[in-house]
Each structure stands twice: as structure tokens, then as C-alpha cells.
Amino acid sequence: MSGGPPPTIAEIYAKPPVNQVIQISGWVRTRRTTRAISFVELQDGSTLKSLQIVMSHQQIPRERIECELHTGAAITVQGLLRATPDRPQPFEIEAQAFSLHGAVDPETYPLQKKAHSLEFLREITHLRPRTRTFQAIFRIRSGVSFAIHQYLQSQGFVYVHTPILTPSDCEGAGQLFQVTTLPLAAVPKHPDGRVAYEKDFFGQPAYLTVSGQLEGELLAMGLTRIYTFGPTFRAEPSHTPRHLAEFWMIEPEMAFYDLTLTMDLAEDFLRYLIRYALEHFPEELTFLTERYEPRLIDELQTASSQPFMRLSYTEAIEILKKSGRAFQFPTEWGSDLQAEHERYLVEEYASGRPIIVYNYPQAIKAFYMRQNEDGKTVASFDVLFPRIGEVIGGSQREERYDRLLRRMEELGMPLLPYQAYLDTRRYGTAPHSGFGLGLERLLLFLTGMTNVRDVIPFFRAAGQMG
Ligand code: 4AD
Ligand code: MG
């Protein structure tokens, strides 16, 4: 092909080359054949819109059209783009010729024009990108990822790449995937039964990272404002619609930020991303609202235009106790907030407004969070969204060497993998804070989907690789 790539359908709609002969490529969405003419709807995933191709049987033999142009076939069409002001679509292509790149056997092709269930599409993730639903979702995912960089870069944040292979468990929750080159059938061991890790690839145990935070903190202690944006791995055994074993997390980390400044940043950041989606993806959001979640656009508008509600953990517990609701899980001070509690707080107590809950009990949070003066709570926060629950978890970090060391010892953590981390508390320590935003959780909120498996192209979850 000379003269550059063929235009996408989005480019044709943006600047229609009326009365010109053009080439256009894509996949057949539908075909309708009458006696003298066939109508082919072509799509290419660049926009929700499809392009209507009109094929006169005088120009192109009907037998060839009926044999080659089934839903899903890949073709390039050459034809005249003609304005059609009296039709539902603004223009169509009068085909002069077409070439077939890849045929489809309509007997075996799993996708038809009708809407398929999301469960069914999860079994054919390689073909999901042919559906308008997944084209819309993946375009929003792309645009929002770009907006994340745009927002943070515009605020002076440095994008850093933290390692995926790591010796330490950042969250201390033990949800690690171990990485090894030791032979599983005959793991070398010492006489006392301990694994001989000196024979392993790194000479020590290694894991896939559950968070880039620890390395992010080291970088923020020199670069002041940094963020990571990368894949994150958790051996999360539960089958829930909110958890993946491989997900993407954005982790900003800021020196000289306290908890309040960090909550302000998280709120402004989320509101920016929601506004970005509303401004840049109106067609996709309308489509997803009509097809999947009637409240979608309203919820996005509410979240982007009103300040989030802020409640301390202690206040949240009081509200849950006074609600008169019979929750399945306890609402005693000290117990973690479960999905049912989070949903009550956001959907009923705050009438759908996002909530930030802060100052959780130390016992239910990670070792690195800054200890409050009350001796019971830590300077932590979660952002809760309607329909989803937690989208962000963050905190001010414990920057005081003695306090941090004491906490790690209390928890019985091995100190060796954390030497560098502790070092930054000995050399020029400074107050600092950060948070982790789960991209798939945010995308559930932005797309109206209810399962994180539907907002990532190929999902990895316990017992399943889609
Ligand atoms: O609350 P989490 O565990 O916080 C951290 O990992 C901190 N190190 C972040 C930081 O302060 N830098 O996870 C952060 C977010 C959650 O709020 C959630 O949105 C998402 O990551 N998340 C998951 N998303 C999908 N599948 C999972 N298994 C997830 N676990 C956490
Ligand atoms: Mg969390």
C-alpha cells in the first residue's frame, strides 16, 4: 500500500472525504442482501460508528458477496464516499471493488450481530475486541491511562519504573507469587529442611511485586514527587468480581505531603479522570449507559462535580452501628470495613457520593503507615465509590526510624529485605505519603461494568486465565 495507511472509520467521520474514491478496511459487522444491492456495515474499532458500504450486484457479483462477506470477515473496500443527507447515516460508500483478507465460516464463528452475554464473551477473550462493548471499554481504558500520565506530569510528578521482581512483601498480606528457577520436583534443601535459596536464580527468595510502593518511596526521597503505573500481582484466592491476580496500579508518592494533602490530591485526581472520560468518551458512555448501567452517566456527573464526603473510621463505625442494619460482618471498632459496609456508607448514607474514610485502626493496616498520636490508629485512607467500594488505598508513611523498626519487629517481619527502606529513615528522612489507585476498579466505575474481568483485555484470576 502506498500513500500511507488507509483511514480509520473514526478519521472518515472526523473529516469525510465527500465525493472522493477512497479505500477503507475493517471487519464486516452485518450484511443485508436484496435483489439488486447488498449493504455491508463495516467496523474497525476506532469508533462505535460503523460505515455503510453499498454494493451493487451489477458492479460486484452477488454470488461472490454472499460467499465471502459474512459477519467477522476482514476486507478492504474501494469506493466513492457519497453524502446521504436523507438517510440515518450521514454518508455511505458506493463500492467499486473489494478484496477479502480473511474469510469467516458463519457456521463456526462464535459472534453474531446480536448482543452476547458478558459471561459468554469471557470465554473468548481473543474475539471480544470485535464487539462494540469491548471496543468502547478498551478505548476508555486507553484514554484514561493517557489522562493519568497527563494529570500527574502536569503536577510535576516523575514517572518511575519500579521492579516487578522483588524480595519483599510490601503489603505484608502474604499474597505473593513466588518466582524461582529451582526444580519443583526436586527442590534442593539443607539438612534441616530449609530450602537452599543460594542455589536459586537470585540467591534469595523472589516474588512478583504486590505494589511498587516501597521502591516508590525510595525514589520520592530524592525526586520529591513520583508515580508508578504498572502491572501488580496478588495471589488472591477468592473468586470475586473485584479481584484480579494481575492488575494495574498507579502509585503516586510525595515527599513533604501529609495525610490531608494526600487525600486532597487523590480526590482532585479522581475527579479529573472522571471529567476526562465524560468529555472524551460521550458516545461510549451513552452506549454503556443504555446497554449496561442506567445510572452510569449520572453517577459520573455526581462524582465529578461534588466534593467527596470525608469520615474518620471511628465515625464510619458509629454510622454503621446506628444504621439499624443487620450486617453479615461485625461493626465493632477494630474490625475491617467489608464490602457491605462500604456500600451502605456510599450508596445510602452519602446518597451515591464518593467517600474518603481515614484513620483506620493500626491492627488492620500495613506496617508502613504512620502511627497517630492516639496510639490506636494510623494515618491511612481509602476512597470508596458507589457500586465498587474501594478504588484507592493510601497513607502517610511512618518516617520515624524507631517507630517503624518497632512496628516491624512487633509484626515479626524479616528485616533483611527492608534494609534500604529502613536506611531512608536514617539518612535525611522526611514526612511523605502516597496511595495506590487500582485501574480496573476505576474502570468499573467509569464503564458501568460489574466484573473486573471485563475491563482488562486478558484477565488472570484464581483458577482462570481468560
Ligand atoms: O489498598 P492496596 O492494597 O494498597 C497498596 O497496595 C498500597 N501499597 C498503595 C500505596 O499506598 N502506594 O491497593 C491499592 C488499590 C486498591 O484500592 C484497589 O483499587 C486495587 O489497588 N487493588 C486491586 N485491584 C484488582 N484486583 C486486586 N486483587 C486488587 N488489590 C488491590
Ligand atoms: Mg486497600
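Strands here are DSSP runs of E with at least two residues, and helices are runs of H or I with at least four, all numbered from the N terminus.

Okay, quick housekeeping. This is a predicted model, where local features need pLDDT of at least 70 and side-chain atom pairs count only at pLDDT 80 or more, while totals for chains, interfaces and linings use all residues. Residues are numbered from 1 along each chain as its sequence is written, chains are lettered from A and ligands numbered from 1 in the order in which they are written, and side-chain values use heavy atoms, with hydrogens and water left out.

Now walk in from strand 12. Strand 12 (residues 309-312) pairs with strand 13 (residues 355-358) in the parallel sense over 4 bridges, and M309 has I355 as its bridge partner. Next, strand 13 and strand 14 (residues 380-385) run antiparallel, joined by 4 bridges. Here I355 turns up again, this time with L384 as its bridge partner. One more step: strand 14 and strand 15 are antiparallel over 6 bridges, and V383 has I392 as its partner in strand 15.

Which strand gives the most to the shell around ligand 1? That's strand 15, with 5 residues. Strand 11 (246-255), strand 15 (389-396) and strand 16 (432-438) each supply at least two residues of that shell. There are 22 residues around the ligand, and E171, Q213, R234, E251 and E390 come nearest; being near takes a heavy atom within 4 Å.

For polar contacts, think pairs of N or O atoms within 3.5 Å. A polar side-chain atom of E390 is 2.6 Å from a ligand oxygen atom, and one of R234 is 2.8 Å from a ligand oxygen atom. F435 uses its backbone instead: an N or O atom there lies 3.5 Å from a nitrogen atom of ligand 1. On its own, ligand 1 has 630 Å² of accessible area, and the protein covers 93% of that (Shrake-Rupley method, 1.4 Å probe).

Over to the other sheet. Here 5 strands close into a barrel in the order 1-2-3-5-4, again with mixed pairing. Strand 4 (residues 74-83) and strand 5 (residues 91-102) are antiparallel over 10 bridges, and R82 has E92 as its bridge partner in strand 5.

Last stop, aromatic rings. The whole structure has 18 aromatic pairs, meaning rings of Phe, Tyr and Trp (its six-membered ring) with centres within 6.5 Å; planes under 30 degrees apart are stacked, over 60 edge-to-face, and the rest tilted. Why is the pair of Y13 and F91 called tilted? Because the planes are at 45°, with the ring centres 4.8 Å apart. That pair links distant parts of the chain, with Y13 in helix 1 (residues 9-14) and F91 in strand 5, 78 residues apart.

Notes:
Polar contact = N/O pair within 3.5 Å; in protein donor to acceptor, adjacent residues only side chain to side chain. Pairing = 2+ DSSP bridges.
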